[in-house]
Amino acid sequence: MADSLHYSIARLSERAVIVQFEPTISPENLKHILSFKASLEKNPFDGFLESVPGYSSLTIYFDAFRVNEARLPGRSPIDKVATFLKRLTVDDETVIDSRLHTIPVCYDSKFGLDLPELEEKFKLSKEEIIAMHSGIEYTVYLIGFTPGFPYLGILPEPLECKRKDNPRKRVEAGSVGIAGRQTGIYPFDTPGGWQIIGRTPVRLFSADLEIPCLLEPGDRVKFEPISLKEFQSLS
Amino acid sequence: MSLKFTKVKALITAQDTGRWHRQSYGVPISGAMDDSALFQANALVGNEISNAALEIGIGEVVMAISSGTLFALCGDGHTLLMDDIEQPHGKSILAIEDSIITLMPNTRGMWSYLAVGGGVDVPKVLGSRSTYLQAGFGGWKGKAILAGTVVEIGAKSALTESITKSLSDGSNAKWSIAYDQNFRKPGFIRIAPSPEWDWLTERQQNQLVTQPFRVSQDSNRMGYRLSGNPISRLIKDEMISSGVSKGTVQLTNEGGLVVLMADGQTVGGYPRIAQVVAVDISVLAQTRPGESIQFELISSEEAEQLFLSREKRWRQTIKGIELKFK
């Protein structure tokens, strides 16, 4: 039931509210967010447009004019939406369709631009860093920053690091990075502040597909080290 | 029918009312920076409100249009000439013969909107004709329009045909739609509190609404940077990525402000201290780098009422046009 979950509802704009859960990054929170999202999409209110996961929140967008006209209890669009959400029955046992993706990554010095610096900082060898980074399954928490950019957690503690003091003006598409207790992949050439440790030939986003993203929140990712030669043959 | 661009010194992209239902894929809504001007332009030529128009940034633009093209220029930033004769802003115009359209930059706004009856005919990508340049999709092949580009125009609706007919004797349109001022005080941009509004002390909140901010050169479709006295914050917690939208005012680590705009990210890690009210985002969008703005704080309820009353007025405007040209 909705009231067993601890969350609050805050206004973002005239046509968006934020359902805020405990402000932490955890698999439990992810489950709450995805269950809430699934339950809402199954029984949406009149005027509902879309819901967007954050690490510990779900942003809900709506057509304010339509909500205003709709027969929903509440004084104003935001009030109507908040009231509806508070009464929403959330099936916390919702089975989240979670796929495992094995993503090949080349950690060669050509692509692992920040590995030398990280070796110094972590007091680990490059091989140890690679083994640690590729040794576990990550969970996709959300997609954001750019289309298709996955926020993956939770990065093993010995690899915890800050963003670069001077972000790069250009990070190549396919770059695999780490920051904080997260790891992620840049789908496009963009500026970026994460520490870059490798590159994948896999395409994360295609605008011409109905579902344009390879990865979705709730999915799992395992990185598989490949050689430079393998990378070139896959590209 | 088509628009043939011969000179392009401005950023031109096809934009409509935005790309919805894909934000959880990290895809921003995009769409027009000045939604009021887009509405006005589409309404003047009898288009659907969601039709794509051309958003034109500051710079000279010259294009050839075919006879029979119904068009309108709204927003601010250019003077409009057809075959070297100045034409009115915010009115339906019919090209009686093949003509040359020139847009000369003025000293005022940032974005003009050229709507053509029938809409800009580009394929929908992920449900919208808006251009998202950063990832290269949508609009005209995911790109800005350049000299040499030919942009196709869609089929005219019955309403567009009626408006066209009313101007086919070469007369000027005797009606127009006013650009909606939404009851604002000139020079002020209204904001409402955001989730991290109370991360600021009362003094800092006051600072936000009493000091002027200058739009910096480092402003674009993704976001507008505002410079002024740095605003420090009370709560120094790190923010974890959470929802943001067009109009969200973020406080950077250096105490500066960034207002997210049409191509802004879907999630952000900076504190959201205020939200520009929906009906005033267009005003900020039209403010030139170097110019100053001042914020005025209003309540969330008031912001909602302004938005709803604008929606109502827009629907009434469309009904009025439909009745007039039945």
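Predicted model: local features only at pLDDT ≥ 70, side-chain atom pairs only at ≥ 80, totals over all residues.
1. From H1(B), the residues Asp35(B), Ser36(B), Phe39(B) and Ala43(B) make contact with Arg310(B), Trp314(B), Thr317(B), Ile318(B) and Ile321(B) of H5(B). Sorted by class, the residues of this contact are five nonpolar, two polar and two charged.

2. How do the two helices lie against each other? H1 of chain B covers residues 35-44 and H5 of chain B covers residues 300-324; their axes come within 11 Å and cross at roughly 15 degrees. Because angles under 35 degrees count as roughly parallel, H1(B) is roughly parallel to H5(B). The crossing of H1(B) with H5(B) is right-handed.

3. Next, have a look at the second largest pocket, which holds about 990 Å³ of space. It is lined by 46 residues, and the closest to its centre are Arg15(A), Thr17(B), Trp20(B), Phe307(B) and Glu311(B). Two or more lining residues come from each of these elements: strand S4 (57-62) and helix H2 (64-69) in chain A, and H1, strand S19 (272-276) and H5 in chain B. H5(B) gives the most, with six residues. By class, this lining has 22 nonpolar, 13 polar and eleven charged residues.

4. The structure holds one cavity of 30 Å³ or more, and the largest cavity has a volume of about 30 Å³. Which residues line the largest cavity? They are Arg15(A), Asp35(B), Lys246(B), Ala278(B) and Ile281(B). Two of these lining residues are nonpolar, three are charged and none is polar.

Notes
Residues numbered from 1 in each chain as written. Chains lettered and ligands numbered in written order. Heavy atoms only, no water. 1 Å grid on protein atoms, 1.4 Å probe; cavity = no way out; pocket = protein on both sides within 12 Å on 5 of 7 lines; lining within 4 Å. Points joined across faces, edges and corners; volume = space filled by probe spheres on them. Nonpolar A, V, L, I, M, F, W, Y, C, P; charged D, E, K, R; others polar. Axes fitted to C-alpha atoms, helices over the stretch in contact; angles between N-to-C directions. Helix = DSSP H or I, 4+ residues; strand = E, 2+ residues; numbered from the N terminus. Parallel < 35°, antiparallel > 145°, perpendicular 65-115°, else oblique. Left-handed = near helix turned anticlockwise from the far one by under 90°. Contact = heavy atoms within 4.5 Å.
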